[in-house]
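Subject: Structure for your review

Dear colleague,

Please find below the structure that I am handing over to you. My notes on what was found in it follow directly after.

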Amino acid sequence: MSDVSITEEKLSLAKVDRFLTLYLEDEQYGLDINMVKEIIALMKTTPVPKTPHFLEGVMNLRGNIIPVVNMRSKFNMETKETDDRTAIVIVGIQGSDIGFIVDRVEEVIAVEENQYSEPPQFGTKIDSEFVSKMARVDNNVIMILDLNKVFSEKELNFLDSFEEEEETLA
Amino acid sequence: MDKAKLKQIFIEEANEIIETLDIEIINFEENPNDKGILDQLFRGVHTLKGSANSFGFGRLGEFVHHFEDALDYFRTSDDEVTSEVIDVFLEAVDIIKAVLEYEVEEYEGNPENYERCLHDIQKILSAKKDGLPEPDLSAQEAPTGDIANEFDENPLLSKLENEEKLIEITLKFDEDIYFRGYDHGTFFKLISEEGRILESTWDMSKVPDLSTIDIQKCYIPKITIFLATTKEVANIEEIFEFVEADEFDIKLVETPAKKEAPQEEEEPLTQAPKGKTPPKNQKKKDEPKSFVKIDTTKLDELFDSVGELVIAQNFLGENRKISDLEDEGVNKTIETLSKITRLIQNRVMSLRMVPIKDTFDKMKRVVRDSSKKVKKEIILDVQGEDTEIDKTMVDKLADPLIHLIRNSVDHGIEATAEDRKVAGKSPAGNVSLRAFHKGGNIAIEVSDDGRGINRDVILKKAIERDIASPTEEYTDSQVYSFILQAGFSTAEKISDISGRGVGLDVVKNFIEGLHGKIEIESELGKGTTFRILLPLTLAIIDGMLVRSCGDTYIIPTLSIVESFRPTEDILHTAQGKGEYVNLRDELLPIVRLNQLLGLSEDAPPITEGTLVCVENENGRFTIFVDELVGRQQVVIKSLGKALAKLKEISGGAVMGNGEVALILNIDGIF
Amino acid sequence: MYIDGDVLVISSEMDVSDVEELKNFIESRLEFIEEIHFEEEAPELFTSSSIFQLLFAIKKSKPEIKIPVIEKECTLFKNLGTIQWISNG
């Protein structure tokens, strides 16, 4: 009898997902903690010519050079003066590390399965296709970002996407 | 150790042995009198057989067993190893490679040609054995378990010349030997008069330190001497007439098999070259070195960490607050730190460097195979095998080199010996492979003394192929470079007429992938040289730092011809065709870096900036920058696959302040 | 025998008493000597083995000193092939 209850408990534990929460404007977003490599303070990036506007540039992460994406630009939000809470979240996407500049990071939260709801179709500041689901934790609504969707296979190659943009402009 | 791990070790070792087999066989063909090479081959194959059987790799064991028989026959007999036999041996090595793969991957059946090659080997042997005395094959009939015993024979035996035998002399002198008026020196002199002293081993472990040593006392309890001599043990014993019987020991070192070892030449390097080379630089060919195998990814990690160390150190060195301290102690420490950092960097770099010899050795087989195929006699000359090159580059260099060598053999050298005779050349074609340092780079040349490149034919074809413009004037090297272009080789007949152009664009891409470049020199009727220029290591380039609109960029100095500040009178603007500068009567296009990269338009007038003249395969052009910042060695880093396709930028480098500077890709700019 | 900067150059033809003298000479100057080698480029033989025990004693007292002849196997002597050193150092 007791064995069964332990197993159930384990099962319910396994259903908990953990997310790093961060802010853009006044909205709270969640990033799957398994994708987050680390969080660092904003540092100087080197702009790379001929790349889309949301690519802030490249930076040196302990000897490795990684691209840095401005999350606000990516979601077509207004740019904002950086401050001491501006942070770069280093995320591993499809085997590459990419830095994301966000307004601030908050905390790591646990979300149980019953706390999810379907993503909204409208009313958010960002394109809803990047939001895989919503979570309601302690009266906060957190939009869970699907970064794999934010950068499709093709878009991850920043240059191709730029060329496409150019074409559409022309 | 578990079985899987053991198996992994076996596979690695087997691969190492197999790698050397090719090379040894070719070496042997070049030096057919050097039976020592056959011995070495035999030993390698024998070891392979032993371990293959112990891993239950029956197919491999079986095949190797027969190969070993054949080798053993030739190493113990005086029979000539013909070119046909060499062919079979080389094929056998290919089969061994294939069988090993079958075994490791646990494929069913035997690889292609397994049976036939096995049959060929057996045929050689049976042909030889018929009517000839049975060779001493006892060696390979020994159980595979005790390889060690079997080869526990003294390696010095192989150094004996005709009629010589090896005698082992042990000197066990008492402490008072000097006092009694004797000295090892005297005996060495006497012994050396009886033959050739090959080696001696001195037990110096009893020697105390300088403060306690008594020079009159002898602290050398034992010296073993190996003498190659035609004299008898009794003759040697006479030398020791006056020494106590227990102070020396003389015995003949038995030769296990009745094998002849007619070694014609002495090891070349043991004879000290008189004159320039100081004796302390003497290096014996077979000097045992000890090696540690390291996973290359670990080396790369170490290399990265050292890169960070260098950056952190630079940061300290450039830090104003620290230098403002004006504290001598601090400054000195920082200086020392900088020295040590550089030392570590150099040493770590040297870990990645390996001689190019292994790659060159592989090329011998390539030349042999391809010359047989096209039925041309080719003499390969190899120079600069000791030139060291980045390990990662060595691995990637083999393919382009194979391509170039095949190209030289197939198309460079005249089709027949008659053609060569008509041209006043030796019947055999010469192909040479050289490696050497040139500036801060490594140059590798593949040259032939064949037909040379016909400039006009190339140009004509290039124009037909839309690679070249009919109106433009091209230099020779520009014309030659057309054959490296993709799309050129599709011209069917070009290779027959010009002798060049078969898929050489592949080579070009390879070399550029290694941040190198390729140059072609040719003289019609005289021959062609392909020169590959590579940076010393993949990881570091010599770069010129330039500034444009506030950003710093790096131009690889390998591409830079010169830089200058232009005056108004040499600047020209062609309607709709952009800007040019007249540099010593050559009109060079000007590329404004800020415009090219879409930076701001906030650049100074051209006459107040700098033009950097660079060269790529399309010729020379100039890059306009605001100013030159300085020259520096930088560690190349990739910008990641997301930015890999950016054609103007080849990578980035982390500068002293921790920020990233982008490296311009000269080939992609213009 | 002579000193060239901090390099001591010795002859291979020293007998035991020469070596004894050399030892006394070196003992007081050891800290100034960084390297020792033979003056002959390729001597045929050596006169006394005591020179080698002196070199090993020096090495023991000042491990950082450079004495190429005893550093690894020695092929200096024309008539002696290779000399292998066994030491606990």
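S477(B) belongs to helix α17 of chain B, which covers residues 476-481. Leaving aside residues up to four places away in sequence, S477(B) touches E519(B) and I520(B). Between S477(B) and I520(B) there are 6.4 Å from C-alpha to C-alpha, although the two are 43 residues apart along the chain.

Chains A and B

Chain B contains 21 helices and 22 strands. Of its 670 residues, 33% are buried. When contacts in chain B between residues at least 6 apart in sequence are considered, 67% of them join residues at least 24 apart.

Chain A has four helices and 11 strands, and 30% of its 170 residues are buried. Of the contacts in chain A with a separation of 6 or more, 52% come from residues 24 or more positions apart.

Helix α2 of chain B (residues 35-54) packs against α3(B) at an angle of about 160°, and their axes are 9 Å apart. That angle makes α2(B) roughly antiparallel to α3(B). The crossing of α2(B) past α3(B) is left-handed. Residues of α2(B) in this contact include L38(B), L41(B), F42(B), V45(B) and L48(B), and those of α3(B) include L60(B), V64(B), F67(B) and L71(B). By class, the contact of α2(B) with α3(B) has 11 nonpolar, four polar and six charged residues.

Helix α3 of chain B (residues 58-76) also packs against helix α4 of chain B (residues 83-105), at an angle of about 165° and with the axes 9 Å apart. α3(B) and α4(B) are therefore roughly antiparallel to each other, and α3(B) passes α4(B) in a left-handed crossing. From α3(B) the contact takes R59(B), L60(B), F63(B), V64(B) and F67(B), while α4(B) supplies A92(B), I95(B), I96(B), V99(B), L100(B), Y102(B) and E103(B). The residues of this contact comprise 10 nonpolar, no polar and two charged.

α13(B) passes α14(B) in a right-handed crossing. Among the residues that meet are M363(B), V366(B) and V367(B) in α13(B), and L397(B), L401(B) and I405(B) in α14(B). The contact of α13(B) with α14(B) divides into 10 nonpolar, three polar and three charged residues.

Contacts between chains

The contact between chains A and B takes 24 residues from chain B and 20 residues from chain A. On the side of chain B that touches chain A, the elements giving two or more residues are α10 (296-318), β21 (649-654) and β22 (660-664) of chain B. The residues on that side of chain B are 11 nonpolar, five polar and eight charged.

Chain B also meets chain C, where 37 residues of chain C are in contact with 34 residues of chain B. The elements of chain C that give two or more residues to this side are α1 (16-27), α2 (50-61) and β4 (82-86). α2(C) gives the most, with nine residues. The side of chain C that touches chain B divides into 17 nonpolar, 14 polar and six charged residues.

Confidence in chain A

The average pLDDT of chain A is 78, and 74% of the residues score at least 70. Where pLDDT is low, the predicted coordinates should not be read in detail.

With kind regards

Note on methods: Residues numbered from 1 in each chain as written. Chains lettered and ligands numbered in written order. Predicted model: local features only at pLDDT ≥ 70, side-chain atom pairs only at ≥ 80, totals over all residues. Axes fitted to C-alpha atoms, helices over the stretch in contact; angles between N-to-C directions. Parallel < 35°, antiparallel > 145°, perpendicular 65-115°, else oblique. Left-handed = near helix turned anticlockwise from the far one by under 90°. Contact = placed C-beta atoms within 7 Å. Nonpolar A, V, L, I, M, F, W, Y, C, P; charged D, E, K, R; others polar. Buried ≥ 20, exposed ≤ 12 C-beta atoms within 10 Å, placed from the backbone. pLDDT = per-residue confidence, 0-100.
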